[in-house]
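Dear colleague,

I am passing on the structure below, and my notes on its salt bridges follow it.

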Amino acid sequence: MPPKASYPQKAEALRVSPSGHAWQGLPAWRMLDTAFGNGETFLATWQHWQADPQRPRMLHYVALCAAPCTPQALQQVGKTQPQYARLAHQLSERWFGLLPGFHRFLLDRGQVVLTVCVGEPVSLLRAQQFEADAVELALPQCDSAALTWFFKALARCCRRGTTLTLRQADVGDPSAVRMALKQSGFTVTAQHGKFDPPWVLKNTRQSITSAAHTMGSCAVIGAGLAGASVAAALARRGWRVQVLDQAAAPAAGASGLPVGLVVPHVSSDDCALSRLSRAGVRLMLQQARDLLEVNQDWAPSGVLERQIGGTPQCSTAWPLAGQAWFDTCNASKTTSTSGPGIWHHQGAWIKPAALVKAWLQQPGITFQAHAEVFDVRQEGNCWQLLDAAGQELSHADCVVFANASGAFDLLHKIKHRAIYLQGPEAYLPKIQGMRGMLNWGPHDAVDDAAFAPFPVNGSGSMVPHIPMPDGAAWFMGSSYQPETQIERSDLANQAINFAHLQLLQPKLAAQLAPRFESNQLGRWKGTRCVTQDRMPAVGPLTRAPQPSLWLCAGMGSRGLSFSVLCAELLAARLGGEPWPVEAKLARLLEALRA
């Protein structure tokens, strides 16, 4: 293992370098900053991007830091340099819970993408899966051996011609620094340079990176959370996207859930699911704030998670930044229940259908209803999507299967064409449909005081005070039943929901017992698509250098937590962009589990 290095806690401000003009006329620009500091360099780059009429459509900025600055530090940059004040305020509002790992921020209508990577520098560089167009280099505080490893890791993130701006050039021995850079393939003059090694570049490391696909048209099958989020992510980047669904309107399947919770998974060992769900929740909250009406389509209400049965205890050894995500609490103080609980500061409720509608209204997206795809065929470099009669529904350069269980059914149906399986080691994950039913009822003056002022989750979930056309309503659910079993009656599912409520909030259950017994509650039913390992499946369906068939499905009951993250990962892989999470986490979501 190489010696560990650490970053300087402060980085110099950006000096607008010649590389700032190199982005003009390009569809995207990818920058790597090895020391985020107080964010001043990023804010200057962001402002420069806004002011340039020939700027690229997308600005990707990946920044490394050993420890993140505080929101107050970002705001202080705006106070001392008023030209950055507005941008600093926007970023500081989203700046919370930066635990070790990757954190993505979608800014400026999602066209400025900041990925902050917290941790040890060499490890963070090795976790990247993109090639930078420009590097802002601040030297880490380390010995010469660690510096060599650092530059080698940096070189893995560069293409031939990547420009380099060297900050803090007075740290250490300048001649030794230049020699170490040269040995890693960089040429440096004064404080500028580029990656241009005198040897043939070879990439022998194992990677799941694919070459950037030429931007064009994309057909997305499925208009639920998965499909709509993919469509929005691609449209932001300039793709022409057509979304097809067999139903008469979007969000007709499981994404038609009246209301759902956005809550990160919590585990004592902070497992991969916990880390991925936090990344997804961060992105979902950003989209909700940008696209939905607060207290009507969503609310950052916070969520109380009751620890019932096998629900894992949360870790008490998290870094200080982790407190922004949750605290342990005694539920009896707030909900008249007994036992421990977790208060999720960043928890929220969202109406999924409202979010799907907002995504599909983004420029560059068209929606086609009553379009059931029965076959997909390749004609030259284009894909044809056909209906049951063999008539063309759509054609596109790329196709994304995002119609939950229907995606897997369709892929298995056309398996004989060998469009996705290349080699016996590649296969789709096993899935099953999971039925569920939600009960709901209107609030009234009699029982309203018995409800908590926020959602309570654990054994099912109780989500109160949701604005509906006929007034505020509460929602309780939901039941779970594998699709392979004989379907239970609605009354049986209602009884299961009531039993969950008795565990979750006993006093409220006693208050609502007459309503559950009266058989007058509202019902909503849907079927989730669940993979065997409970992880979404997102990625290419071929091993080709530029795959044009992709899958984004299998989110189970976590569509609100995972849909934006999966869409960002798919778009990043399709376009050769920085990934929203570390490569080792992304591998857990591969469409072809191998």
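**Salt bridges and their surroundings**

Arginine 515 is buried, with a relative accessible area of 17%, where buried means under 20% relative accessible area, exposed over 50% and partly exposed in between (1.4 Å probe, protein chains only). Its side chain meets that of aspartate 444 in a salt bridge (2.7 Å, N to O), a term used for a side-chain nitrogen of Lys or Arg within 4 Å of a carboxyl oxygen of Asp or Glu. This pair joins distant parts of the chain, 71 residues apart, with aspartate 444 in the loop between β22 and β23 (456-458) and arginine 515 in helix α14 (residues 506-518); helices (H or I, at least four residues) and strands (E, at least two) are DSSP runs, numbered from the N terminus. Aspartate 444 is partly exposed, at 34% relative accessibility.

Please keep in mind that this is a predicted model, in which local features need pLDDT of at least 70 and side-chain atom pairs count only at pLDDT 80 or more, while totals for chains, interfaces and linings use all residues. Residues are numbered from 1 along each chain as its sequence is written, and side-chain values use heavy atoms, with hydrogens and water left out. The average pLDDT (the predictor's confidence in each residue, from 0 to 100) is 88 for the protein, and 88% of the residues score at least 70.

In total, the structure holds 21 salt bridges. Among them, aspartate 196 pairs with arginine 160, their closest N and O atoms being 2.8 Å apart, and Arg104, Arg236, Arg237, Glu568 and Glu577 are linked in a network.

Best regards
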